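This briefing concerns a predicted model.

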Amino acid sequence: MAEQQISLPAKLLNGGIAGLIGVTCVFPIDLAKTRLQNQQNGQRLYSSMSDCLIKTIRSEGYFGMYRGEAGVGAATEAGAAVNLTLVTPEKAIKLAANDFFRYQLSKDGQKLTLFKEMLAGCGAGTCQVIVTTPMEMLKIQLQDAGRIAAQKKIQAQLSAQGGAQPAMEAPAAPRPTATQLTRDLLRSQGIAGLYKGLGATLLRDVPFSIVYFPLFANLNQLGRPASGEKSPFYVSFLAGCVAGSAAAVAVNPCDVVKTRLQSLQRGVNEDTYTGFLDCARKILRHEGPAAFLKGAYCRALVIAPLFGIAQVVYFLGIAESLLGLLPGPQL
């Protein structure tokens, strides 16, 4: 029992370290994913991931690619960041909860069946939305602010070229911050404001975990030595990448709907939505089935290294080394 009590904080710390490292590496691609998913037909600013990143750097600078990481002020301002404060516990909860449920389901000493592995993943996905929903809510507003601003600028230029009477140019609105967004949402809608899109987040994260964790466990098992030792770190990395990208693409339609529902600001002539089904119907009617795969390539590129890194950190036992439970990571 003592060993189990000590291992829980280690698992949480491993998950937090993994999430922090992984998200910092892939955040620009995640920003491109959000902007591609939010743009609707007739209002397309970006044609691809690379086009989005190039235009973002030109209009917002290099740190514009990390829009949404800054939690208290501009991208270069010191302070807490969204990924520092929320991604770390989110990954910690997800990975530790899956281990907890797998442990509980294997108490009979028998090897976990595929159904039980999926059940453990379901439990992990359900637990993580406590943190994921407000994290995504804030991150999406910060990431999409540049797209909305660019769209308004283009609309103003088109109006001027069309012969419209030029009005005095309004000063640029200050960039929103996570602190400001949180305060405004709590003041206007209460805690429910931070959990807008909770149902859509559940519909994305629970199936993701149901696919990811069993797939990772079985792929990782294929690389385990005959002696029964842990798989080498590169096997865990590759298994995390493959399982993560497969699960990400599988649930991408739900991710598109979730992103649209959680976006508070709309571009010119963009649809508004009343709920998950209304959003799905309007996307299908106005943009076609292919719209549900918007950002799938970006999402796969984000999730693959993110979960590859996560599993390497997790299985190397970096937290155990920090806590003095192991002499060091076993490569």
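**Surface patch, cysteines and salt bridges**

A nonpolar patch on the surface is formed by Phe233, Tyr234, Phe237 and Leu238, which together have about 390 Å² of accessible area. The search for disulfides gives a count of zero, while the search for salt bridges across the whole structure finds 13.

Surface patch
- Phe237, one of the patch residues, is found in helix H8 (residues 233–250).
- Phe237 counts as partly exposed because its relative accessibility is 30%.

Cysteines
- The closest cysteine sulfur to that of Cys298 belongs to Cys52 and is 7.5 Å away, too far for a bond.
- Cys298 is buried, with a relative accessible area of 2%.
- Cys279 is also buried, at 0% relative accessible area.

Salt bridges
- Lys139 pairs with Asp30 in a salt bridge whose closest N and O atoms are 2.7 Å apart. Lys139 lies in helix H4 (residues 114–161) and Asp30 in helix H1 (residues 2–38), so this pair ties together parts that are 109 residues apart in sequence.
- Lys139 counts as buried at 8% relative accessibility, and Asp30 counts as buried at 10%.
- Arg260 forms a salt bridge with Glu287, with 3.0 Å between the closest N and O atoms. The pair links distant parts of the chain, with Arg260 in helix H9 (residues 252–262) and Glu287 in helix H10 (residues 276–287), 27 residues apart.
- Arg260 is buried at 0% relative accessible area, and Glu287 is buried at 13%.
- Salt bridges that share partners join Asp30, Lys33, Glu136, Lys139, Arg204, Asp205, Asp255 and Lys258 into one network.

Definitions and conventions: Residues are numbered from 1 along each chain as its sequence is written. This is a predicted model: local features need pLDDT of at least 70, side-chain atom pairs count only at pLDDT 80 or more; totals for chains, interfaces and linings use all residues. Side-chain values use heavy atoms; hydrogens and water are left out. Patches are made of residues with over 30% relative accessible area and no salt bridge: like charges are joined within 9 Å, nonpolar side chains (Val, Leu, Ile, Met, Phe, Trp, Tyr) within 5 Å. Accessible areas come from the Shrake-Rupley method with a 1.4 Å probe; for residues, only the protein chains shown count as cover. A salt bridge is a side-chain nitrogen of Lys or Arg within 4 Å of a carboxyl oxygen of Asp or Glu. Helices (H or I, at least four residues) and strands (E, at least two) are DSSP runs, numbered from the N terminus. Buried means under 20% relative accessible area, exposed over 50%, partly exposed in between (1.4 Å probe, protein chains only). A disulfide is a pair of cysteine sulfur atoms within 2.5 Å.
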